[in-house]
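Let's take a walk through a protein model together, one piece at a time. Have the sequence and the 3D view ready, and look up each residue as we reach it.

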Amino acid sequence: MRSLVAMIVAGLVLLWQPPVRAAGNVVIGVADTLTGFDVHTISDTLSQSAARMMLQGLFGFDSDLKPVPVLAESYEANSEATEFTFYLRKGVRFHDGTPFNAEAVRINFERLVNPENRLSRASLLSMARSFTVVDEFTLRISLKTPFAALINTLAHPGTMIHSPAALARHGRDVMRHPVGTGPFRFAEWQADRLKVVRNEHYWKPGLPKVDSITLRSVPENGSRLAMLLAGEAHAIAPLPPEQVSVAEANPAIDVVRRPSIVTWYMAMNTRKAPFNDVRVRQALNLAVDKQAYRQVVWNGFAAPLTAPVPPGLPMHAEQQPWPYDPERARALLGQAGYPNGFSVELMGAGNTLARRAMQFLQQQLAAVGVQVRITPLDAGMIAERIWRVADPAAATIELFYAGWSASTGDPDWQLRPLFFGPSAPPALNNVAYYSNPAVDAAIMAGLSTIDPQRRAEAYRVAQEIIWTEAPWVFLGVETLLAGKAKSVAGLHYLPDRSLSLDEVELK
Amino acid sequence: MLSLVRRLTGLVPVLVAATLVVFLFLRLLPGDPARLIAGSEASAADVAALRADMGLDRPIWQQYGSFLMRAVQGDFGLSLRTRRPVVEEVRARLSSSLLLATAAAGWAVVAGVALGAWTVAHRGGRIDLAGRLVAVAGVAMPSFWLGLLLIDVFAVRLGWLPTGGGGSFSHLVLPAIALGTAMAATLARVTRAAMIEVLGEDFVRTARAKGLGEPIVLWRHVLRVALAPVVTLAGVQFGSLLGGAVVVETVFAWPGLGRLLAESVAMRDYPVIQAILLVYVLCFALVNLCVDLAYGMIDPKVRTS
């Protein structure tokens, strides 16, 4: 028996591999699992961030989510926003050695919009009429309808460019054979990790600054933090609000705090009583203490939401805040014919943060006589209750707690999916079934000109009406949190929750 | 031999019935995979395109028919979520789940039997009491809590082992301990009870009368006889280690089958769920078969024809 124990111990010692961290190889712990890298069809922010290390678009985002030229050097547009000409970067090669040019862009965009390809990001360019190769490095896009947000759309990960040779060779399998022009080349993708390695021939001088980047999926919050504390990961994102103090106590670790455009709200179904009465919707806005919401739900890691378009997006038009005034809320409810309040269902996701938020809202609304039943559901059940409903009159949604981030960085992608009449489910995300012809007209006007001042004016009008008519209880804007070793620089957490890793370096 | 062949062919209708039940029940589950995978940013047209691409717009009997036809040839289609062949996804995860379950069971048997026998050797004393307390604690402690504790001590504070992930032997140690501890505790208690029962047998008195020392009596004679129920229990529990490791897999970011199943259910990734459930059905059927055969070897009365 004793010799057996000795043998086992000896075996363990021989097989010992202490955790190693090689220089220049960056490891980042993330919460979700990667789903693939065919950017024309994937939809989750993490996979899109991962793909962005390898693939690039005509435009990209800087760390404030402003569009910047990447594979395009410049562009011209007519004033009606229906025709755009792009002058492309010369001398760029894909990882497989084939050249990047206007033809490559045309092939990619035509692949994306062709209905036969059934790609789920197709609607990004559904307004396009044609893609014309003018010369080797000039491409013209003509649109069926004016679309002033085109540059932001071309900065969205869904319009990034695959190598046409890879598309021809792998077809749909580019999902796991991504070949682009980015600073990193695809190395391997396993169940729980993606590894990309340095592109030696990257077109931007001085980049990349590390040999490889590995993304590791660690779903459990505590384990992900442990990974950072143990030095196995150089950075982790996200960092849950309740772990900030633990991470900060460690002298080798920085907590990254990032103001974001992730907007949290409680939508009210404006087609159904009692929320078809604007006074009821205003009363609920008065009944919720937003500062307490930020403190209780987010441990203070949230900012005020001061307009339907959050402060981090362009053309945000700040509004007079809805004060916390339960007295006035009760009076308004009385005027609307609900002196004793009413009973209502609040639906939302089942995770810890969403449950905490819904319980908070339940308590706040109880104080003005509104009895809230909380229904936490998994994503599948939520999809069933929201998007299976074809007829707005048949919708059973009353209150819905959710978040949104406009991943194109343009206010159009905030206002149109959420407040535009025709965007009610199943079309898009207007879960409040809000419909106001003046708002719809302003949203269309904002898309129909490239003049930034006229756009801002149209969106100002829309925001003012939406704020007053209050189809939502406007709750707050999340502050993004990440943890990183002090030795890591150049890691950008973008306001829409995506990660930009092109410039990562180890000091 | 003939009966073994007959038993194996008997599995075929069980598996076909299982595919039908799994297939239909999954479709009854609310939630549209196309909408979930396309994401909340997708337009209705995008979702419809994806649904058609996944083949989910066809009548359900047609979907089932083509699923069964391809499954017979070992093709379980593509994952809706990653578009990778399901067989590839499941194969990689199954082998890491088997590895973890085997390691956990190995740890559980060694630790459980050793602890059980040790308490018997010191029965009635303080060591006995302490050992029994440890065993109760081991059963009572939730595996995710034990897992986080192990990570904190051995990975964060001491830095001896990695916090999680797969890849090398050192990655296996902590999850195997976390997963196997409850089983180890159960086995310790079973070992103790079985050994105390055996201690009352005549042959033990004979051994002692021959003048054998107490350690030899206990470790050589009593333990060997008492091991039979322990081995049976360990075999039965192995199945639940394989299927029930979701929590430990999540805490240790272990790329196993349980986590894949949980993620696939969340996204309603039908082909992957179907394949994993079939793997589980097959495993349980095979384990039952093995148990029956083992009984036949132990007890001639059970042997048929």
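**Salt bridges, a helix and a loop**

With a relative accessibility of 13%, A:K484 counts as buried, where buried means under 20% relative accessible area, exposed means over 50%, and partly exposed lies in between (1.4 Å probe, protein chains only). Before going on, note that this is a predicted model, in which local features need pLDDT of at least 70 and side-chain atom pairs count only at pLDDT 80 or more, while totals for chains, interfaces and linings use all residues. Residues are numbered from 1 along each chain as its sequence is written, chains are lettered from A and ligands numbered from 1 in the order in which they are written, and side-chain values use heavy atoms, leaving out hydrogens and water.

Which residue does the side chain of A:K484 meet in a salt bridge? The partner is A:D254, at 3.5 Å from N to O; a salt bridge is a side-chain nitrogen of Lys or Arg within 4 Å of a carboxyl oxygen of Asp or Glu. This pair links distant parts of the chain, since A:K484 sits in strand 17 of chain A and A:D254 in strand 12 (residues 253-268), 230 residues apart. Helices (H or I, at least four residues) and strands (E, at least two) are DSSP runs, numbered from the N terminus. A:D254 is partly exposed, at 27%.

Over all chains, the count comes to 37 salt bridges. Another one joins B:E89 and B:R84 (3.1 Å, N to O), and both of these residues are buried.

Now find helix 15 of chain A, which runs through residues 452-469. Its buried residues are A:R455, A:A458, A:Y459, A:A462, A:Q463, A:I466 and A:W467. They cover an arc of only 160° around the axis, which puts them on the same side of helix 15 of chain A; the arc is that of the directions from the helix axis to the C-beta atoms. An α-helix has 3.6 residues a turn, so residues three or four places apart point the same way. On the other side of helix 15 of chain A, A:Q453 and A:R454 are exposed. The buried residues pack against helix 13 (412-419), helix 14 (437-447) and strand 17 (472-485) of chain A, with contact meaning heavy atoms within 4.5 Å.

Finally, turn to B:S168, in the loop between helix 7 (143-157) and helix 8 (169-199) of chain B. B:S168 counts as buried, at 18% relative accessibility. Its side chain makes a polar contact with the side chain of B:H171 (3.0 Å). A polar contact is a pair of N or O atoms within 3.5 Å; within protein, one must be able to donate a hydrogen and the other to accept it, and residues adjacent in sequence count only if both atoms are side-chain atoms.

Definitions and conventions. The expected span of a helix is 1.5 Å times one less than its number of residues.
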